[in-house]
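This report goes through a few local features of one protein model. Please look at the sequence and the structure before reading on.

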Amino acid sequence: ENLMEKAPSKTKPDKTETLEDREQKFLDEAHKRLKKAIDADMHNRAEALDDLRFVINSDQWDPKVRKQRASDGRPTMVFNVLKPFIKKLVGEQRQTRPRIKVRPSDVNSDTNIATIRQGLIWNIENESGAESIYDNVFQMMVSCGYGAARVLTRYTDDNPFQQEVFLERLPNPLCVYMDPDAKDFMFADANYGFIITRVGLKELQAE
């Protein structure tokens, strides 16, 4: 059952419901959604991890086979032929990096507004170090099929009431779990998503 397809309840909230009850309901629903996202993509992520072990660590032997060959005194030679191809693709992407371009959609659109928006987007990319972020996303995508970054906002140092947009690098795209019911391949229609982060207990309490 898809929780997001349910119409929002129009009943008044229970006045006897405490803050702890509402927090627990929120966490219970979050856990259900996360489990659904993990279960839906588990097989792909297992293959992605196997690809990364193959590419990064040259771990190309099945553990049982490796152990058996070691006990028999036979070699387990490794020839990682994927790295040169990945480097070639990443190098080509760095030479011809795609950039966001804003164009008027029809004759009634204002070209001046499009130019202004184009400048704002390029400034956001420049301030965020977008080139290195895009490079990381592309390299991970080529290596294991997953790449991720995200767009966030933060309050500026000059004006505490004004926010600015920036891009954030996500070195490990496998920590991202998106709504499995989304139809858009960029998850533009996703109703929820998770980014799993390992945090120490003291740091969590301080947060």
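## Cysteines

How many disulfides does the structure hold? The count in this predicted model is 0.

Cys144 shows the reason: the closest cysteine sulfur, in Cys175, is 11 Å from the sulfur of Cys144, which is too far for a bond. A disulfide needs the two sulfur atoms within 2.5 Å. Cys175 is likewise in no disulfide, and the nearest cysteine sulfur to that of Cys175 belongs to Cys144, 11 Å away.

Are these two cysteines buried or exposed? Cys144 has a relative accessibility of 6% and so counts as buried. For Cys175 the value is 13%, so Cys175 counts as buried too.

## Asp41 in helix α1

Helix α1 covers residues 19-56, and Asp41 is found in this helix. Because the relative accessibility of Asp41 is 16%, Asp41 counts as buried.

Which side chain does the side chain of Asp41 contact? A polar contact of 3.0 Å links the side chain of Asp41 to that of Arg45.

## The two ends of helix α2

Helix α2 is made up of residues 63-71. Asp62 caps the N-terminal end of α2: a side-chain oxygen of Asp62 lies 2.9 Å from the backbone nitrogen of Lys64.

What follows α2? Gly73 does, and the phi of Gly73 is positive, near 75°.

Conventions: Residues numbered from 1 in each chain as written. Predicted model: local features only at pLDDT ≥ 70, side-chain atom pairs only at ≥ 80, totals over all residues. Heavy atoms only, no water. Buried < 20%, exposed > 50% of the residue type's maximum accessible area, 1.4 Å probe, protein only. Helix = DSSP H or I, 4+ residues; strand = E, 2+ residues; numbered from the N terminus. Polar contact = N/O pair within 3.5 Å; in protein donor to acceptor, adjacent residues only side chain to side chain.
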